[in-house]
Amino acid sequence: MSFELPKLSYSYDALEPHIDARTMEIHHSKHHAGYTTKLNVAIEGTSYVGQSIETILASELSPGLRNNGGGYYNHCLFWSIISPNGGGRPSGKLADAINSTFGSFEEFKSVFSSAAATQFGSGWAWLCAKNGKLSVCSTPNQDNPLMKSGCGNIPILGIDVWEHAYYLKYQNRRPDYIEAFFNIVDWNEVSRRYSEA
Ligand code: MN
């Protein structure tokens, strides 16, 4: 029983022009595949075999499990919350929670984008939820909010700000990539995750 690289529900070129096909192909078939393989190697023969990735991430982690377990989980989440049919803004309970927490969708976007832009070096920015309450945080490397080092809330939206996620198209222009990301966010999936968090 081991973790598997998830198949994407869209083609590598489906997110053009916001994320280019070559970046998607390398990101999924090389980077995410690498984290998946190394995660399986790291848990082989341990009591982690058969446990959920969320349970693994919440435990005391060796450096290998922290990097590769985080990398596995983070990218699974990332592919699920972007879509060629994404963009726009959320509706329903998530929209209400964003408005009551941040004041407006524009203000949320500003807070989230700032967390992503100012994460020094490689890492992620997150919108998290717990018992309906929203918060924004960022984490270095492949860490995430579920880890002991994290905020303890459940990530429902995340943006990968490692250079491998955007450098081919955007080079050093991380803010342009963050702006483009909002054109492909699948708010239906983020809302679904919000309702479960
Ligand atoms: Mn990545």
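Predicted model: local features only at pLDDT ≥ 70, side-chain atom pairs only at ≥ 80, totals over all residues.

Student: In what order do the elements of the chain run from the N terminus on?
Tutor: The secondary structure of the chain amounts to eight helices and three strands. Read from the N terminus on, the elements run α-α-α-α-α-β-β-β-α-α-α.

Student: What is the radius of gyration of the chain?
Tutor: Along its principal axes, the C-alpha trace spans about 50 × 40 × 30 Å. The radius of gyration is taken over C-alpha atoms, and the globule rule used for reference is 2.2 Å times the number of residues to the power 0.38. For 197 residues that rule gives 16 Å, and the chain is close to it, so the chain is as compact as a globular protein of that length, with a radius of gyration of 16 Å.

Student: Which residues of helix α4 are buried?
Tutor: Buried means under 20% relative accessible area, exposed means over 50%, and partly exposed lies in between, with a 1.4 Å probe and protein chains only. On the other side of α4, Lys-93, Asp-96 and Ser-100 are exposed. The buried residues of α4, which covers residues 92–102, are Leu-94, Ala-95, Ala-97, Ile-98 and Phe-102.

Student: Within what arc do the buried residues of α4 fall, seen down the axis?
Tutor: The arc is that of the directions from the helix axis to the C-beta atoms. An α-helix has 3.6 residues a turn, so residues three or four places apart point the same way. The buried residues of α4 line one face of the helix, because seen down its axis they fall within an arc of 160°.

Student: Which elements do the buried residues of α4 pack against?
Tutor: One place to look is Ser-191, which lies in helix α8 and touches Ser-91 and Leu-94, not counting residues up to four places away in sequence. The C-alpha atoms of Ser-191 and Ala-95, 96 residues apart along the chain, are separated by 8.7 Å. Taken together, the buried residues of α4 pack against α5 (105–118), β1 (123–130), β2 (133–140), β3 (154–160) and α8 (187–196).

Student: Over how many bridges do β1 and β3 pair?
Tutor: Two strands pair if DSSP finds at least two bridges between them. β1 and β2 pair in the antiparallel sense over eight bridges, and they form a hairpin with two residues between them, where Asn-131 in the turn has a positive phi of about 50°. In β3, the bridge partner of Ala-129 is Ile-154, and β1 and β3 pair in the antiparallel sense over six bridges.

Student: Which residues coordinate the manganese ion?
Tutor: Donors are N, O and S atoms within 2.8 Å of the metal (3.2 Å for Na, K and Ca), and since water is not among the atoms, sites may look incomplete. Along the chain, the donors of the manganese ion follow the spacing H-x47-H-x84-D-x3-H. At 1.9 to 2.1 Å, the ion is coordinated by His-27 (NE2), His-75 (NE2), Asp-160 (OD) and His-164 (NE2).

Student: How many residues apart are His-27 and His-164?
Tutor: His-27 is buried, with a relative accessible area of 1%, and His-164 also counts as buried, at 18%. His-27 is in helix α1 (residues 21–43) and His-164 is in the loop between β3 and α6 (167–170), and the pair links distant parts of the chain, 137 residues apart.

Student: How many disulfides does the count come to?
Tutor: A disulfide is a pair of cysteine sulfur atoms within 2.5 Å. For Cys-76, the nearest cysteine sulfur, that of Cys-128, is 17 Å away. For Cys-128, the nearest cysteine sulfur, that of Cys-151, is 3.9 Å away. By this rule, the count of disulfides comes to zero.

Terms used. Residues numbered from 1 in each chain as written. Heavy atoms only, no water. Helix = DSSP H or I, 4+ residues; strand = E, 2+ residues; numbered from the N terminus. Contact = heavy atoms within 4.5 Å.
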